[in-house]
Amino acid sequence: MSEHPLNLALDISLTVNGERVTERVEVRKTLVDFLREDLGLTGSHVGCEHGVCGACTVRVNGEIVRGCLMLAVQCDGATVETIEGLSDSGEVADLQAAFEQRNALQCGYCTPGMIATAQDLLARGIVPSRDAIREHLSGNYCRCTGYHAIVDAVEAVGQARAGGKK
Ligand code: FES
Ligand code: FES
């Protein structure tokens, strides 16, 4: 009897947080499961598993994506950055500090996705309005904070990066 197609595995090569990775992966495995289970990068979280909550947000080829909606095999040849990479490079150090200072996290489950999504907005080089911040983060759910402190933190970092200009 031939093997079921969903049990097939393929070899993929990609760059994850600056390091070249070559792994054999089941074709049905999501990117976030691959990152967590195969590479031990557990900073990306799994919440809804169907593209709603944003906990699994990572960057692929410079764009934020939902790691639960992308298959690992789709990332063959891609450049993937997780919260571990964004953190180690210092790219989001100011956002992380602002979240801590303003109590913009409680359980922290949503936080890696929030930070990655906020960075996606702030990297555009504009100082976003509170409405724009809320809109951009609207696909990232937080069960704890009520969002106000998160918007405060992102707004403060946006203003600080612009040298205090509104
Ligand atoms: S786990 Fe991916 S969007 Fe919720
Ligand atoms: S801090 Fe708990 S889900 Fe956001």
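**Notebook: sheet, helices and pocket**

I began with strands S1 (residues 9-16) and S2 (residues 19-26), which run antiparallel and are joined by eight bridges. The model is a predicted one: local features need pLDDT of at least 70, side-chain atom pairs count only at pLDDT 80 or more, and totals for chains, interfaces and linings use all residues. Residues are numbered from 1 along each chain as its sequence is written, chains are lettered from A and ligands numbered from 1 in the order written, and side-chain values use heavy atoms, without hydrogens and water.

For terms, I took strands (E, at least two residues) and helices (H or I, at least four) as DSSP runs numbered from the N terminus. Two strands pair if DSSP finds at least two bridges between them.

**Hairpin.** I looked up the partner of Val-16 and found Glu-19 in S2. Two residues lie between the strands of this hairpin, and Asn-17 has a positive phi near 50°.

**Sheet.** I traced an open sheet of five strands, in the order S2-S1-S5-S3-S4 and with mixed pairing. S2 and S4 (63-66) are its edge strands, each pairing on one side only. From one strand to the next the twist averages 40°; angles run from 0 to 180 degrees between N-to-C directions, and axes are lines fitted to C-alpha atoms, for helices over the stretch in contact. S1 and S5 (residues 79-81) run parallel, joined by two bridges. Thr-15 stands opposite Thr-79 of S5.

**Helices on the sheet.** I then checked H4 (residues 111-122), which packs on the sheet and touches S3 and S4, its direction making about 45° with that of S3. Contact here means heavy atoms within 4.5 Å. H1 (residues 31-38) lies across S1, S2, S3 (57-60), S4 and S5, at about 110° to S2.

**H4 and H6.** Where do the axes of H4 and H6 (residues 148-161) stand to each other? They come within 11 Å and cross at roughly 35°. H4 contributes Met-114, Ala-118, Gln-119 and Leu-122 to the contact, and H6 contributes Ile-150, Val-154, Val-157, Gly-158 and Arg-161.

On a 1 Å grid over the protein atoms alone, a pocket is an open set of points where a 1.4 Å probe fits, with protein on both sides within 12 Å along at least five of seven lines; lining residues have an atom within 4 Å of a point. Of the 14 lining residues, Ala-55, Tyr-109, Cys-110, Tyr-141 and Arg-143 are the closest to its centre.
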